[in-house]
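Subject: Structure for your review

Dear colleague,

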Amino acid sequence: MANFQTVEVSTDLLIVGGGFAACGAATEAAYWAKKKGLKVTLVDKAALDRSGAVAMGLSAINQYVGVKDGENTCEDYVRYVRQDLMGISREDLVFNIARHVDSTVHLFEKWGLKIWTDEAGKYVHEGRWQLMINGESYKIIIAEAAKNAIKDAGGEIFERVFVVEPLVENNKVVGAVGFSTREDKFYVFKAKAVICAMGGAVHVFRPRSVGEGFGRSWYPPFNTGSSAYFTLKAGAEMTCQEVRFIPVRFKDAYGPVGAWFLLFKSRAVSAEGGEYMAVRKDELQNWAPYGLAKPIPANLRNYLGMLDVDAGLGPLYMETAEAIGKIADAYKDDPKAFKKKMKELEAEAWEDFLDMTISQAHLWASQNVKPEEKHSEIAACEPYFIGSHSGASGAWVSGPEDMNTPYKWGYANMTTVEGLFAAGDASGASSHKFSSGSHAEGRIAGKAAIKYIVEKGADPKVDAGKLDALKAKILAPLDNYAAHCKETTAPEINPNYILPLQFMHRLQKIMDEYAGGVTAAFKTSKSNLLRAMELFVFLKEDAEKLGAADIYQLERCWENVHRMWQGEAHVRTMLFREETRWPGYYFRADTPKMDEKNWHCFANCRFDPAKGEWEMMKRDVWNIPGV
């Protein structure tokens, strides 16, 4: 076996992840841990300053309710999320995040985040729930607060350590294991409670950007399904695994469109100039009541554009020049003011990318696109698994203790496995929390986990034999490669192992062609999904033969195993839900209509680690009374 030093770390609370939810958990948990003399340890696969979905920065905060100014209520936000998810949402979780998110945003501002304000000193809104920010350093600011909180409480932070597996004893999580991505070290973390906040999943499906563009994605490619894998392998019940998210973005570089739709009031049109949201308005009748209410769900907006593409009217474009022109028209009688306004709008157009998607600015420049002069192409991206944006996949977690909700069996945000909490992309059915809401949910989970430790936490007991077996299993790809790499003249071609990139291509081919990816026009069926399950049998066999030449490839091996588990959970849940509820995210061609009678419910799943079997189940949708 590869000669890795075993490093054991004992703590009270273990936070796994480094994004906004993990930072929120760390900031809040450290505060309460210090009062109780407890230790908080955070483990991040990357470096905390630039880890997670906001690593490159962000141009807007997408969840701000504005309660103190009377702009909206938490109930308003619950209705908004219910509508956008076509009626399937955990309203107790959404409400709980909504009532805490404003205080989180105010903390961001206190820590140094620049939020745009108008002449009267009020926040500048991009849309009803969105605030414009100067956000290139957004993540650095939030990470600094988390690091300071943990340091002040006497905790520890481990960076460049990839957590692979949970440690579970008697349906209770007692820690996690993983390895350093820089040194020959195998880590064993023992804890009284664990918060899973390792983000969503990218590159489960074949991306649009292939060849020289491979690696570009809308969501960070380093988020590889570790949250889903960790909670599934712990035996936690999962929800909404069928709800993948497909954003429409500027094509190829995945630049954001939110500011163009909401701030600039731009139109999206077909190549022939038809505005598909108007031309195909009647199609929304087929998805009542959700298609007839405002705002129109994101998946239905996608779907209407896809209908244009199917009809040969593509590509689709964002009318950037028209939008900028309309705003500047108010100054057309004053040439000096007009010129100044045009420069201001042009700067805002480019800044939207420079804050968060620099590659889009590069692409515009390389293609001679001037947003004030010509439109730019948009397209539906490949599918992602994300519980914080407009998707909903994640763990099934317990609701807030002070709400009369039927979804309550433990402490707030605790999964169905004792001692295991989930937040951000790791918790399901509570989407539209974005960056600020993920941080707020992390705070909720962090406080609840400390309370759990104080009231029920026990010293973790871990079987030494199990640890030895896990170490051998996790390091096996290094041994596979070392034992056989010299048997062929080309190390990448070998009958005794498969390299991680080859394995990822196989996974992406299965998901793309049979589970409704880009090349399948996001369409699938029972027969296609059953074929995917047949191919998963072979893929899982091949996963046992992964080979890694070094630590870097070892990381890639396990990232792809994590992706594979997310993919299987997705396929199984799409098979289980026999309807099409989210056209525009995916379309079940054999059950093309929404079935409110039989499927107005959560489709949940659970993997039983002891039996190695999957279980599928329905859970009722509960609405907050009067909302």
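Glu 28 is buried, because its relative accessible area of 14% falls under the 20% cut-off. Please note that the model is a predicted one. Glu 28 belongs to helix 1, which spans residues 20-36. Once neighbours within four places in sequence are set aside, the contacts of Glu 28 are Arg 443 and Lys 447.

In soluble globular proteins, nonpolar side chains tend to be buried together. Here, the largest nonpolar core comprises 204 residues, and Leu 13 and Tyr 138 have the most contacts inside it. The element that gives the most to this core is helix 16 (residues 551-576), which supplies 11 residues. When residues up to four places away in sequence are not counted, Tyr 138 touches Phe 20, Val 54, Leu 58, Ile 61, Phe 108, Leu 113, Ile 133, Ser 435 and Ser 436.

Rolling a probe the size of a water molecule over the atoms shows where empty space is left. Across the whole structure, the search returned three cavities of 30 Å³ or more. The largest cavity holds about 70 Å³ of space. It is lined by 14 residues, of which Ala 228, Ser 393, Gly 394, Asp 425 and Gln 566 are the closest to its centre. Sorted by class, the lining of the largest cavity consists of eight polar, five nonpolar and one charged residues.

With kind regards

Terms used:
Residues are numbered from 1 along each chain as its sequence is written. This is a predicted model: local features need pLDDT of at least 70, side-chain atom pairs count only at pLDDT 80 or more; totals for chains, interfaces and linings use all residues. Side-chain values use heavy atoms; hydrogens and water are left out. On a 1 Å grid over the protein atoms alone, a cavity is a set of points where a 1.4 Å probe fits but cannot get out, and a pocket is an open set with protein on both sides within 12 Å along at least five of seven lines; lining residues have an atom within 4 Å of a point. Grid points are joined across faces, edges and corners, and a volume is the space filled by probe spheres set on the points. Ala, Val, Leu, Ile, Met, Phe, Trp, Tyr, Cys and Pro count as nonpolar, Asp, Glu, Lys and Arg as charged, and the others, Gly among them, as polar. Helices (H or I, at least four residues) and strands (E, at least two) are DSSP runs, numbered from the N terminus. Buried means under 20% relative accessible area, exposed over 50%, partly exposed in between (1.4 Å probe, protein chains only). Contact means heavy atoms within 4.5 Å. A nonpolar core is a set of buried Ala, Val, Leu, Ile, Met, Phe, Trp, Tyr and Cys residues joined through side-chain atoms within 4.5 Å.
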